[in-house]
Amino acid sequence: MNNIERRDRGLVYISDDEVFEEQKIARRLTQKLNTADRADFDAIKAIANELIKSADNEAFINPPFYCDYGTHIEVGKNFFANYNCTMLDVGKIRIGDNVQLAPNVAIYTAGHPVHPATRNTMYEYGIDITIGDNVWIGGNVVICPGVNIGSNSVIGAGSVVTKDVPEWSIAAGNPCRVIRKITEADRDTFYAGRKIDDEALQDIQRIESEADDADRYPTAPN
């Protein structure tokens, strides 16, 4: 097998000239994205959707943004990534619908062997990462290789996610741990238990009712 085949099968591989040729495509597109007029939202969106695979071609990435390939990133509908996001997509990064990434989120499928003698041979690896629907990732979060984050969960700012996070969970810390489950009691709050005012709450209820979208406006389990 060549190193591209090894990489794509989840085996250890070396970044040789053929691998670098693939990376050049993403390098050119990220440079185009990162030097675009920051006020030209349509151009930014067009470049972002050329770079990554989006279910609705409506993904929006606030530059700067960095990745290795772009073609190994798949996002669902209504995807948003804020400033300075890095995705090392040696392995696949699969992201569901309605996912929001705060500034400085880092998603790393890539890694290197622990033993220095093995690591110095230049062999490396990539292990897939999956993020479900309706997930919010806080600022400065690092997601490590092989992690799966369940749908409808929130990862607190500054977390280092080394293990899977179940659905409907608030998780935070280094290493990241589940703090509690998300319930229907959270539906009318916005920060640290603060209640949403009546005017906004009525508007939220109207939007949910008109949308009638169970995937985007799910009901939390008891």
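Modeller: This is a predicted model, in which local features need pLDDT of at least 70, side-chain atom pairs count only at pLDDT 80 or more, and totals for chains, interfaces and linings use all residues. Residues are numbered from 1 along each chain as its sequence is written, and side-chain values use heavy atoms, with hydrogens and water left out.

Colleague: What makes strands E1 and E12 a pair, and in which sense do they run, parallel or antiparallel?

Modeller: Two strands pair if DSSP finds at least two bridges between them. E1 (residues 13–14) and E12 are joined by two bridges, in the antiparallel sense, so they meet the definition. In this pairing Ile 14 stands opposite Tyr 123 of E12. The names come from DSSP runs numbered from the N terminus: helices are H or I with at least four residues, strands are E with at least two.

Colleague: Which other strand is joined to E12 by two bridges?

Modeller: Strand E11 (residues 110–111), which runs antiparallel to E12. Ala 110 has Gly 126 as its bridge partner in E12.

Colleague: Why is the contact between Lys 24 and Glu 21 called a salt bridge?

Modeller: The term asks for a side-chain nitrogen of Lys or Arg within 4 Å of a carboxyl oxygen of Asp or Glu. The closest N and O atoms of Lys 24 and Glu 21 are 2.8 Å apart, so the pair qualifies. Lys 24 and Glu 21 are three residues apart in helix H2 (residues 17–34), about one helical turn. Lys 24, at 35% relative accessible area, is partly exposed, and Glu 21, at 46%, is partly exposed too.

Colleague: How many salt bridges does the structure hold?

Modeller: There are 11. Among them is Arg 180 with Asp 186, whose closest N and O atoms are 2.9 Å apart. Another is Arg 187 with Glu 184, at 2.8 Å. Salt bridges that share partners also join Arg 7, Asp 8 and Glu 22 into one network.

Colleague: How do you know that the length of H2 is close to what is expected?

Modeller: The expected span is 1.5 Å times one less than the number of residues. H2 has 18 residues and reaches 25 Å from its first C-alpha to its last, close to the expected 26 Å.

Colleague: Where is the kink in H2 centred?

Modeller: On Gln 23, with a kink of about 25°. The bend at a residue is the angle between axes fitted to the seven residues ending there and the seven starting there.

Colleague: What makes the link between Asp 128 and Arg 94 a polar contact?

Modeller: A polar contact is a pair of N or O atoms within 3.5 Å; within protein, one must be able to donate a hydrogen and the other to accept it, and residues adjacent in sequence count only if both atoms are side-chain atoms. The side chains of Asp 128 and Arg 94 are joined at 3.1 Å, so the distance falls within the cut-off. Asp 128 lies in the loop between E12 and strand E13 (129–131), and is partly exposed at 33% relative accessible area.

How values were computed: Buried < 20%, exposed > 50% of the residue type's maximum accessible area, 1.4 Å probe, protein only.
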